[in-house]
Amino acid sequence: MNTENKTPKIVLVTGGSRGIGKSIALHAAARGLGVILTYNAHAEQGVAVADEINGNGERAVALKLDSANIEALTDFTEQVLQVLRKEWGRENLDYLVNNAGIAQRMPIKDTTEAIFDDLVNVNFKGVFFLTQKVIPMIADGGQIINISSGLARFAFPGVAVYGALKSAYFAQPSLIESGLPDVGYFASRLNSSANYLSDLLSKYTGKSTHEHIHLKLVDKAKSLLWSTENSISEIAYDLGFEHPSHFTKVFKSKTGLSPREFRNLN
């Protein structure tokens, strides 16, 4: 990784031409970030978002990306590198936001293998392999943010495949009612004893189960701080912390920054 960071920081937002992705791109630019956003079928929408950002005095570039075309990802990342060099004089970026996705509202009985494969390629396989390609381009201290869906936690007719794929990549249930997960919780899910799981993780990772839980919670917290306007307290409660002060202490111990300081970085 290139460790030299120049201002502004730069974010790559997939599916940034409309909906949530467009909102992320516009808000990131408003905070002073350089933006590379992607579109697929509708170039005019992607260009319009980039033009709006550029018209406000910030900098954005729109690129075409078909997330389902895995073979084209190498060429896409080369395009990203060329844009970085041309527009910002950099060889890396700071954030990747995996937002692009498609939903096919269709009952299970009517879902063909071709439809299933399209959903898998865009919502899961494409996300995975794009991330794989982009990781070497992310500057030290950068972040990867994956946008999920409420359908990873609940469902209604016609969205079974889409919801399953969102859950497969990063299920994020609220922990408000259940509280912070502990070693016993994960051990029971794995049909193991708490002591065995702790010993196994310590042996092969050098970290205790408690440390792994805190690291995962901090990763989720970073995503929420970046992608929502929820208060620090709301995020703390959503992650299962009984007291926001405990959340702040854990977050700072892992990042060196308070949640508020992390949010204000950009």
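Predicted model: local features only at pLDDT ≥ 70, side-chain atom pairs only at ≥ 80, totals over all residues.
In soluble globular proteins, nonpolar side chains tend to be buried together. Here the largest nonpolar core holds 19 residues, and Ile36, Val80, Leu84 and Leu93 touch the most other members. Two or more residues of this core come from each of strand E1 (10-13), strand E3 (60-64), helix H3 (73-88), strand E4 (93-98) and helix H4 (113-134). Helix H3 makes the largest contribution, with seven residues. A further core lies apart from this one and comprises 18 residues, including Ile24, Leu33, Ala50 and Trp226.

With neighbours within four places in sequence left aside, Val80 is in contact with Ile36, Leu63, Leu93 and Met137. Leu63, in turn, belongs to strand E3. With a relative accessibility of 9%, Leu63 counts as buried, since the limit for that class is under 20%. Beyond its neighbours within four places in sequence, Leu63 is in contact with Ile36, Leu37, Thr38, Tyr39, Phe76, Gln79, Val80 and Val83.

Charged residues come next. Side chains of opposite charge can pair when their charged atoms come close. Over the whole structure, three salt bridges are found. In one of them, Arg59 pairs with Glu87, and the closest N and O atoms are 2.8 Å apart. Arg59 sits in the loop between helix H2 (43-55) and E3, while Glu87 is in helix H3, so this pair ties together parts that are 28 residues apart in sequence. Arg59 is partly exposed at 33% relative accessibility, and Glu87 is partly exposed at 26%.

Another salt bridge joins Glu91 to Arg85, with 3.1 Å between the closest N and O atoms. Glu91 counts as partly exposed, at 40% relative accessibility, and Arg85 is partly exposed as well, with a relative accessible area of 42%.

Attention now turns to a pair of helices. Helix H8 (residues 209-227) packs against helix H10 (residues 244-255) at an angle of about 100°, and the two axes are 10 Å apart. H8 and H10 are therefore roughly perpendicular to each other, because angles of 65 to 115 degrees fall in that class. On the H8 side, the contact is made by Glu211, His214, Leu215, Val218, Ala221, Lys222 and Leu225, which meet Phe247, Val250, Phe251, Lys254 and Thr255 of H10.

Asn69 is found in the loop between E3 and H3, where it counts as partly exposed at 34% relative accessibility. Asn69 and Asn121 are 52 residues apart along the chain, and 7.8 Å separates their C-alpha atoms.

Terms used. Residues numbered from 1 in each chain as written. Heavy atoms only, no water. Core = buried A, V, L, I, M, F, W, Y, C linked by side-chain atoms within 4.5 Å. Buried < 20%, exposed > 50% of the residue type's maximum accessible area, 1.4 Å probe, protein only. Helix = DSSP H or I, 4+ residues; strand = E, 2+ residues; numbered from the N terminus. Contact = heavy atoms within 4.5 Å. Salt bridge = Lys/Arg side-chain N within 4 Å of Asp/Glu carboxyl O. Axes fitted to C-alpha atoms, helices over the stretch in contact; angles between N-to-C directions. Parallel < 35°, antiparallel > 145°, perpendicular 65-115°, else oblique.
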